[in-house]
Amino acid sequence: MTRQRSVILEELRKVDTHPTADELYTIVRGLLPHISLGTVYRNLEYLVAAGEIARLESAGSSMRFDGDVSGHQHVRCLHCGRIADLVHPLALPALHGIRVEGFDRIVGARVEFDGVCDQCALRANAPARVK
Ligand SMILES: [Zn+2]
Ligand SMILES: [Zn+2]
């Protein structure tokens with residue numbers, strides 16, 4: 001593993017903010033001033049393919065990365081895109097009981113909840129907090 005790649009991996013594992021590639025680039029540049037955004041992207045792609053990190057994708061919002069690959073559940077703020085880990089994961093139905101036409105088997109599931117974060121809830125344009 002190159003030094004650049006190990007720094008990117010280390011820094012991503014330190015945070016629980018699920019940063020975008022741009023945010024991670026800002027963090028890593030503090031340690032490796034000559035690194036380019038393209039290098040950060042390429043290394044993130046490599047680390048995702050190697051199973052070292054996870055890529056969190058959601059339609060209409062920028063891609064975020066997670067240094068924790070334990071298959072936990074997330075909640076995403078509908079307003080600012082902030083992502084947090086669920087402290088108490090919800091039990092999923094048994095996957096082996098699910099049958100889908102054209103699929104031999106179901107092997108996993110990714111669950112992402114939609115929410116409104118505290119900061120966005122304080123803003124006037126956010127929908128009222130559900131009590
Ligand atoms: Zn928010
Ligand atoms: Zn996470």
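**Exercise 1.** In which sense do strand β3 and β5 pair, and over how many bridges?

*Solution.* Some ground rules before we start. The model is predicted, with local features needing pLDDT of at least 70 and side-chain atom pairs counting only at pLDDT 80 or more, while totals for chains, interfaces and linings use all residues. Residues are numbered from 1 along each chain as its sequence is written, and chains are lettered from A and ligands numbered from 1 in the order in which they are written.

Step 1: find the strands, which are DSSP runs (E, at least two residues; helices are H or I, at least four), numbered from the N terminus.
Step 2: check the pairing, which takes at least two DSSP bridges between two strands. Strand β3 (residues 74-77) runs parallel to β5, with 4 bridges.
Step 3: pick out a pair: H74 sits opposite E112 in β5.

**Exercise 2.** Work out the strand order of the open sheet and its edges.

*Solution.* Step 1: the order is β4-β3-β5, 3 strands with mixed pairing.
Step 2: β4 (83-85) and β5 (112-115) are the edge strands, each pairing on one side only.

**Exercise 3.** Describe how α2 meets α3.

*Solution.* Step 1: the axes (lines fitted to C-alpha atoms over the stretch in contact, with angles from 0 to 180 degrees between N-to-C directions) of α2 (residues 21-29) and α3 (residues 37-49) come within 10 Å and cross at roughly 115°. That makes α2 roughly perpendicular to α3 (65 to 115 degrees).
Step 2: list the contacts (C-beta atoms, placed from the backbone, within 7 Å): A21, L24, Y25 and V28 in α2 meet L37, V40, Y41 and L44 in α3.

Technical notes
Parallel < 35°, antiparallel > 145°, perpendicular 65-115°, else oblique. Contact = placed C-beta atoms within 7 Å.
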